[in-house]
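Dear colleague,

Here is the structure, with its sequence, for your files. My notes on it follow below.

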Amino acid sequence: MKMIDRLFTTLLLLTGLLMAGACSDHDDESTAAQPTDSTCVVTVNVDVVLPATVAQDWKNAIDWAMENIEAAQYRLEKKVRLNLRYHDEDTEDLDSLARRLAQPEEGDDTCHAILGPYHSSNAQTFLNYAAKNHLPVVMPTCTSAELQRVNARNDYAWFLTESDVTQCEIMLTAVNAMDSKDVALIYSDNTYGQTFYDYFGFFAAEHGMHIAGQGIIDYAKGDDLTDFFKSVSEDCKSYRPYILVALSDPDDYIEVGRQLEKFNVTPGVTKPPMTISADVALNEKTSQAYAGKSFLGVSPVGEMTTGFPQTYKSHFLRDAYNGEAQVYDALVLIAMGAAFKLSNPKDFLVVNETEPTLMTPEGARFTDYMRGAVYGIGGAQNMNWTRDGLAAAFAQLGAGNAITYTGAVGMLELDFYTGTKNMNTFYMLWNSESFFYEEDGSSYTTIQITPICYMSNKEYGNGVNTTFLWDIEIGAPSFADRDGYARFLPLANDYWAVVIATSTTWKDYRHQADALAMYQMLRQHGYDDDHIVLIMEDNLANDARNIYPGQLFVDGRAFWGTAEDREIFDVRNGAKVDYRFSQLQPDDLKDIMTGRRSDRLPHVISSDSTSNVFVFWSGHGGESEGPLWGNEADWTYFGQHRIRNIVETMSANKQYRRMMMAVETCFSGKWGEELTGIPDLLVLTAANPYETSKAEQFEQQLGVFLTNAFSSTFMQSIKANPTISIYDLFTKILKATNGSHVSLYNVENYGSVYKNDATDFFPYVWE
């Protein structure tokens, strides 16, 4: 690759973790905009953290970007040179590497930006160390939804591809377009696979699909999938099922494919499953392994209207692999930020559409100049990824002007808050096929990636538009009998509640916080402690990681004001916990709810046929039987039969007039289905039987999620309107909860959800 004239002066920039935009031999930042040389080259150290195999797969795109960045600056007096330093993600001690790059020791060359890592599961390690100095971490392929949510407000965390929420929807949209309604999922039980696990059931329900057989299974090396394939095939209701394969290791796609190929030729298999693979499958190794076989997959790619995919193919005689368009743009963005810094060393920059933002007390950092370069007000006309487009871009940046940039991936639609997350990704539905040919008496095989169509969740570009997750308007179901079934019930005489949080760890803060918030609301609606049984470990208020000892919160406004303000939002204040979770066994709940008092269980509910009983359960759930008893790492299923036995016993003994169960766990719909048919019972769940529920309101100070949309909307709706109908309460929670389908069960055995309201469980209190 042709390099800039070696006569140019190369200066390493040594102002901490921020590249010094200077071409003089002074270290003083105040002289940064006063170069003394007529021509200079500024070196930016970029540490590239990728598996060696990925670095090789991406070599074409990396070399091409470096060549175009260099050539685009040929006529400029002040130039940027990227110095790439490679680290093998598969063999390095990543914690030590991240610490060394973010906190260099004396004598180490400064790292100005990290490109990578490749795997979502490794990203948080680098982001944790980068936080102190806002060292930019530019991630082409880290698509975990949880990773992106946790880092949504971190301006040093650059995500160049939308999260796999979109990819999961794209995959199911593609299957739906192929007229199949039977689906299943194989996923990696790690950070990468978690997003598919979380959203598969949600999008399957959106498309009206049937989850076949065992439905969802995590795969580990060596697992035999024969029984899983058999269950999916035998439960298929359409002409053939499709299995989504979302694995983080290319070798795993190869093994799953081999097992499926063997299963599909087994005698008696009448509906052989097909697979559709996620982005990791689009690489050299997997393509070669599937020589001679048709292989269907989805991958984020460069947008066709930019010309990048076509030009890449004409250059390198193959389609770009997964991540190549993104890594091209990553290198360009780093170079653009350096160029903007070099000519525009301000203490503040305009990086959103409304106001200038002071970056730090010390001034703007390198990540801020990257943001400002492509996300400023009044930017120059749009520049693109081509050599000529980059030349125009660097000329504008060299003059101190912000630009807009259409990269290899398409128009960068950056998030409003930080300008570091790309919200616009195009996906290619592709088929990998092998072609055999002979030349000079020898036989050869070539792999051809054949695009089937391009898809996006946006309303522009050349992709097939799909429903954008965060804007989904879920149509609330209507219930046929608006009057409800005819049944005489006595007047309510008293009210009882059981509030349970089943997790005990700091990372599950939201479960105990939500339980306490529900307890506080019950007290506000007239319940005394004698009529509330509160079950939770109560170990977080004084956890060493709690920077507000003794207090818990579900509302982010608690962190905006003074200590006095926080007292208003503290949900732990005055709460009386009856049982620590670790003191109980699952069977104890039956004694508590059916009034069987003992020395060990002195506080139980003493309800009768004139009592309304409310149960709130917050914790984890599993795909087999729904709510779990305990934490994810140490749990058992509470049991569908156990919960039905409790409620049936209460019903038979006339221990409630009406009962509502509000269950906030993953797969909570399992209980809704199990409890159907019991008189005067209503079950409201945060998710259907095939979905996970989602946390919300991540609080950076505490490092945890405070609550979830199901619980917070439930409580806010009743506070706003204590006489809200059950139906309106349901629909408000339904529309506010993204990523899962809030569900209402057993309506036909309860009464009219239109006429009956929340005062059955939250009696109106006159002030």
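How many helices and strands does the protein have? It has 21 helices and 30 strands, taken as DSSP runs (H or I of at least four residues for helices, E of at least two for strands) and numbered from the N terminus.

This is a predicted model, in which local features need pLDDT of at least 70 and side-chain atom pairs count only at pLDDT 80 or more, while totals for chains, interfaces and linings use all residues. Residues are numbered from 1 along each chain as its sequence is written, and side-chain values use heavy atoms, with hydrogens and water left out.

Of the 767 residues, 60% are buried (under 20% relative accessible area, 1.4 Å probe, protein chains only).

Beyond its neighbours within four places in sequence, L82 is in contact (heavy atoms within 4.5 Å) with residues including V44, M66, L331 and A335.

Helix α12 also packs on helix α14 (residues 387-398), at about 30° with the axes 8 Å apart; axes are lines fitted to C-alpha atoms over the stretch in contact, and angles run from 0 to 180 degrees between N-to-C directions. The two helices are therefore roughly parallel (under 35 degrees). Among the residues that meet are Y328, M336 and F340 in α12 and L390, F394 and G398 in α14.

Regards

Technical notes. Buried means under 20% relative accessible area, exposed over 50%, partly exposed in between (1.4 Å probe, protein chains only). Angles under 35 degrees count as roughly parallel, over 145 as roughly antiparallel, 65 to 115 as roughly perpendicular and the rest as oblique.
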